[in-house]
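Please keep the sequence and the structure in view while reading.

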Amino acid sequence: RIERESEERARQGRRHRAMPFASASTCAAIDSPTITVFLHCCLWPDRGLRNTSRTMACRPPANSTYLAIGQDVFSISEYVTSQYNFSLHEQLNSSDVISSEGRSGLSISDFVPSAYMVYTDLATLKGLWEPTDYGSGVEYADGMLDLFPSQTQHIRYNTQSSTGLQIGLWLNGTQGCFSICAGEMDDQIQRLISYLERTRASKIFLRLGFEFDNPAFGYSDDPAMYVLAFRKIVSECRAYLSDEALGRVLFVWHSWAAPMASSSLSLKDFYPGDKYVDWIGISIFQQVLPWSPYWGGRMSDVENVLEFAQKHDKPTIIAESTPFGGIELKQASHDANIFLDENDYDHDNWDRWFGKVLDVINRYDVSMWCYINCDWESQPMWHNVGFGETRLSSNSHIMSQWHGKIIKKGTANRTFLFAGSLENCGTKPDVINQDEPYNQSNGKVVFGLSHFYSFILVPFLVVSGAFFVPYFILGGYRARHGRSSERERMPLLSHMDEPTRGTPAQSHDTKKASIDGVTQD
C-alpha cells in the first residue's frame, strides 16, 4: 500500500526517491501501538538517509551567533523600529561627524535580525501563508518576510528574502504523533512541504514538536511515538523537496531544558537520531535566575542539553528565551519576591538575566539566539501567566546595553549576525554524502574505507560470483580435474565384473591380460 501511495504521488508530479527500508532491529526497538503505525513509520522507506551529512549544518563561524527575534508580527516590527529609533537618537546626540560613507546604523535594514520566529500547528498550518492569532499575537510567516524587504537573489519561484524563518511546529502531543504515524496527516505534511518549497526565506529552522520534554505538552506518555513522527516528517521532506529547497531547511530538535515528567525519562528517549537532527535547541526563561522553582529548571538542565549537543556534534540554538517575570520584574512570582526580600541581590536588570544568557552563549559557542521581544501581558494566552513585559524598548538601560553588546559588532568577544548572514551558510559541507569522508582543510572528498568497499571489494565479489557460482553448480570444477564422489561412482561400479573390483594387483593383471588378448587378435 505504501508503494502504491508513493507511485500515485509520483504521478501527481511530486518527486519520489526510492530509499532503503528501515532495519528490522530499528523497528523492533520501538513498541508501536498498532500494526498500522508499524507499517507507516517502521517500514516506511528510510528517506532520512538522503542528504544527512550536513557536517556544518549552517553553523556560523566560531564566536559568532545568528540573532533571531520573535514571536509575532507586531512584536518583531516593534523591535526593529525601536532599535532604529534608538540608533538615530544616539547619532543625533553624538559629537562625531558622520561622513557620507559608512553610515552604519542609519538604515533600518541594519537592525533586521537573521531570522524571524513564527508558530504554526500541523493540523491547520495557519500562520504560514495566511495570518492567524492563537491568542499570542498575529502569526504570519510570509507577512514577516514583507515587514522590512531586503530582497536578494532570484530563486525557483520568486525573489528570495535575506531573512530566515524559525518555525515552531506544534504536533499535538502523543495523540498527534500517532495520527502522523498512522498516515492521517499525510496531506498536511504535503502542504507543509509545499510551503517549504516555495517560501522566500533564506533558511528555515523547523522545530518539530518544540519542547517535546515539557510535561504539559503531552509527548512524555510515549517518547517513541514522538521519535517516529519526527523521523517521518523529516523523511517526507527529504523525499519530496527539491535539492534547492532542501538545502534551505534545517530540522531542529528542541528541548525545554527543564525537569521532565518522570525521572525515568532522559534525552536519549526522545532523540530521533543524528541523521534526522540538524540542530539541537533549548529554552531559557528562568533557569538562570536564582529563585527559579524546580519545575522551571536550573542551569544544570540547560548545560545537560548543550553537552548532549556537543557529544552529537550538533549546532545549538536558544530557540525560545525571555526574562521570566519581565525585564523590571513587575510580574515576578511570589518565590522571586521572597528571595529578593531575604537576600542582598544585585538588581541590575541586564546582569540578572541577559548577562547570564550571554555567558551561556560564550561558554558553549551557541550558534543562534532567539529572543522574544514581547508584551506578554497584553496577549490573552499569556495574561497573568508571569512572563511580563520583555520588550527591550521598555527599559532605557536595557536598550543601551543591547545596542552596545549585541548590535555593535566585536564587543563582549561575540559577534551577532543579522539579515543576510544565513544566505550561503554551510554550503560546501551541506552537500556531501554521509558515507564520504570530508576533508575540512581543503573542502574535498578523500578516498576512504567506504570507497574501497563500494568500488573495489563489492564489484570483485559480484564478478567472481557470476563466474564461479554456476561453474561449481554445473560441475565444471570436477570435470576439469577428473574427480568424482563415491556416490557418483557407485552406479558405474555396480555394472562391472566382480574380478575388476578386486584388489589393485588383481585389477592390474586382468587389465594386462585383456590388452594382450586384443593385440593377438
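In which loop does Ala257 lie? Ala257 belongs to the loop between β9 (249-254) and α10 (267-270); helices (H or I, at least four residues) and strands (E, at least two) are DSSP runs, numbered from the N terminus. The model is predicted, with local features requiring pLDDT of at least 70 and side-chain atom pairs counting only at pLDDT 80 or more, whereas totals for chains, interfaces and linings use all residues. Residues are numbered from 1 along each chain as its sequence is written, and side-chain values use heavy atoms, with hydrogens and water left out.

Although Ala257 is not a glycine, its phi is positive, about 55 degrees. With a relative accessible area of 2%, Ala257 is buried, where buried means under 20% relative accessible area, exposed over 50%, and partly exposed in between (1.4 Å probe, protein chains only). Asn384 likewise is not a glycine and has a positive phi, of about 65 degrees. Asn384 sits in the loop between β12 (368-372) and α14 (396-407) and counts as exposed, at 62% relative accessibility. A further backbone feature is the cis peptide bond joining Gly70 and Gln71, with omega about 5 degrees; Gln71 is in the loop between β1 (64-70) and α4 (73-92). Most residues other than glycine have a negative phi, and most peptide bonds are trans.

The protein as a whole comprises 19 helices and 15 strands. Of its 521 residues, 48% count as buried. Among contacts (heavy atoms within 4.5 Å) between residues at least 6 apart in sequence, 77% join residues at least 24 apart.

Helix α6 (residues 173-181) is largely enclosed by the rest of the structure, because seven of its nine residues are buried. Among them are Gly173, Cys177, Ile180 and Cys181. Gly183, which follows α6, has a positive phi near 90 degrees. In helix α7 (residues 186-198) lies Gln190, which is buried with a relative accessible area of 8%. Gln190 and Glu236 are 46 residues apart in sequence, and their C-alpha atoms are 8.1 Å apart in space.

The interior can be described through its nonpolar cores, each a set of buried Ala, Val, Leu, Ile, Met, Phe, Trp, Tyr and Cys residues joined through side-chain atoms within 4.5 Å. In the largest nonpolar core, which has 96 residues, Leu122, Trp253, Phe354, Trp369 and Trp402 touch the most other members. Helix α8 (residues 223-240) supplies the largest share of this core, ten residues. A second, separate core of 25 residues includes Met117, Tyr119, Trp376 and Phe387. Leaving aside residues up to four places away in sequence, Trp253 touches several residues, including Phe212, Tyr226, Leu267, Trp279 and Phe308.

The largest pocket is lined by 27 residues, and Glu211, Phe217, Glu320, Trp382 and Phe387 lie nearest its centre. On a 1 Å grid over the protein atoms alone, a pocket is an open set of points where a 1.4 Å probe fits, with protein on both sides within 12 Å along at least five of seven lines; lining residues have an atom within 4 Å of a point. Strand β2 (residues 115-121) contributes the largest share of the lining, three residues.
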